[in-house]
Amino acid sequence: MNKLLKRNSIIILLLIILFIPTFYQMLRFGMFSTQDFHIFRLIEFDKCIQSLQIPCRWAPDSGAGFGEPLFNFYGQFVYVAGEIIHKLTFSFIDSIKITFILSLVLSGIGMFFLAKKIWGNNLSALVSSIIYLYAPYRAVDVWVRGALPEAFAFVFFPLIILEIENYLEKNRTKDLLIFSLLFSFLIITHNLSVILFAPFLIVWIIFRFLQIRKIKPFIYLFIAGIFSGILSAFYLLPVATESKFINLNATTTGIYDWRANFVTIYQLFISRFWGYGGSTWGPNDGLSLSVGQIQWIVPAITGVIILIKQKTKFTKDNLVFTVLVLIGIFALFMTHNKSTFIWNILPFMKYIQFPWRFLSTATFSFALASGLIIKQFEIVRLQFLSVIIVVVVTILLNFSFFKPDIWYSKGDSYYLTGSFWNEEQFSSLPDYWPNFGHKFPDKISDGKYINYFPGWNYKPDKNGLISSEGAVFGNTSTRTIGNYTSLFAILVWIILFVKFKYVSKDS
């Protein structure tokens, strides 16, 4: 056991060293430019905590200072993480940067342990981990879009599948509980990533059922999935019942209309274009929408080798590889306009906004599949040589993407005052704007009035506003039910985990 722990520690240290090029530029003073405003959101989240509004719902400075129910609908996990870091005396800027760094490092480590479980080989796991982390889309999420919740969702993809595999292998209740907790974390991190991850999760579970041919473990997995929703009830119930009170259509029209954001074959497989712009109609997008050359070439080479070596039937590894590649291909298909009929059939998909978000699933599938290339070589020296070649080429091809466009050598005060603070207050203004009559403002509020939203202790005037004097924001019955449901589920989770981890022989 001690040898195993020591070996794992050495491997994790090596991985972190190899990961450094993806985040080292964050280690200096200041902040990089992004297309999202997470420092502002963390500041607003901090104000929630200070006012003991837990769980956080209302962002008082959002909506040009009239306030918006931002956190009633937007995933909160990354801000909880950021707030914990901030309370450890880090600045708001450093807290966000550390959270971004964790999204990179933890996702790579998670992929390592999943790939090791799937392929039973440390070298295969190392390859999968590097290819997963150094995908162009990972750099886009962090360094271009600054999409912190989506970037952090990459942490949970491998960990969720790992816990499924742990449960199917050892039939331990504690693995079911960990799976349910991780899946609930994904829900409250980035709900759209649940939809994006669903094709992989569904196909993988069906595939494993066809291998095991026992229904009972999968019934328990289904129950654990339902329990994830119960753990997340404080978030899911308001999203389901109170979305009608905000201008949600603003998130699916114009530049957010999925019809305008498909990707071409050239962009997916060939292009090495890099930019810090946005997604536009046609092939002239201002940012990279590539799955990454090495990300598809390694699985392609592996597939060719398998076909050459194949004689009678697929081995277990080859079958797993095929499933992973097919899921990845389907995910890429969903980014192309030939998949329009699927988007039309499933109207809820419009909330994904950008079909190229399915690059997350493709990146995950291809990276995990890539680990098998090492096992195609029986001689150990060839395996080590293959690892060195793949790792070096992957890093050299992609590390230059992990860099900022503009660097602001500024502290927290820059984001808390002046023109930039005003810009932040207007950020994403239409997305969570209450639809009780007040039109979008063109100037910052003077603080006398607040946007009405269910939960305030005043009724709105004809303009959908309430006086800020004496205003108190509370819970609706839906939020209260959700809060207590989640609290009860957390207590049940803790009791069961202690029982099966430390008391019963189940562990």
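This is a predicted model: local features need pLDDT of at least 70, side-chain atom pairs count only at pLDDT 80 or more; totals for chains, interfaces and linings use all residues.
Residues are numbered from 1 along each chain as its sequence is written, and side-chain values use heavy atoms, with hydrogens and water left out.

On to the salt bridges, where a side-chain nitrogen of Lys or Arg has to lie within 4 Å of a carboxyl oxygen of Asp or Glu. The count by this rule is 15. Lysine 87 pairs with glutamate 83, the closest N and O atoms being 3.6 Å apart. Both residues belong to helix α4 (residues 77-87) and are four residues apart, about one turn of the helix; helices here are DSSP runs of H or I with at least four residues, strands are E runs of at least two, and numbering goes from the N terminus. As for accessibility (relative accessible area under 20% is buried, over 50% exposed, in between partly exposed; 1.4 Å probe, protein chains only), lysine 87 is partly exposed at 47%, whereas glutamate 83 is buried at 5%.

Helix α5 (residues 92-119) holds another such pair, lysine 97 and aspartate 94, three residues apart or about one turn. Their closest N and O atoms are 3.6 Å apart. Here the lysine, residue 97, is buried at 3%, and aspartate 94 is partly exposed at 30%.

Glutamate 169 and lysine 117 also form a salt bridge, with 2.5 Å between the closest N and O atoms. This one links distant parts of the chain, from glutamate 169 in helix α8 (residues 148-170) to lysine 117 in α5, 52 residues apart. Lysine 117 is partly exposed, at 29% relative accessibility. Elsewhere, shared partners join Asp141, Arg145, Glu150 and Arg357 into one salt-bridge network.

Then the aromatics. Rings of Phe, Tyr and Trp (its six-membered ring) pair if their centres lie within 6.5 Å, with planes under 30 degrees apart called stacked, over 60 edge-to-face and the rest tilted. That rule gives 57 aromatic pairs. Among them is the edge-to-face pair of tryptophan 58 and tryptophan 456, 5.3 Å centre to centre with 90° between the planes. Tryptophan 58 lies in the loop between α2 (38-50) and α3 (70-73), and tryptophan 456 in the loop between β3 (449-451) and β4 (465-467), 398 residues apart. Tryptophan 58 is buried at 5%, and tryptophan 456 is buried at 12%.

Helix α2 also meets helix α20 (residues 418-426): the axes, lines fitted to C-alpha atoms over the stretch in contact, with N-to-C angles running from 0 to 180 degrees, come within 10 Å and cross at roughly 80°. That makes the two helices roughly perpendicular (65 to 115 degrees; under 35 is roughly parallel, over 145 roughly antiparallel, the rest oblique). Phe40, Ile43, Glu44 and Lys47 of α2 meet Trp421, Glu424 and Gln425 of α20, contact being heavy atoms within 4.5 Å.

Finally, serine 128 sits in helix α6 (residues 122-133) and is buried, at 0% relative accessibility. Beyond its neighbours within four places in sequence, serine 128 contacts Met111, Ala115, Trp119, Ala367, Leu368, Ser370 and Gly371.
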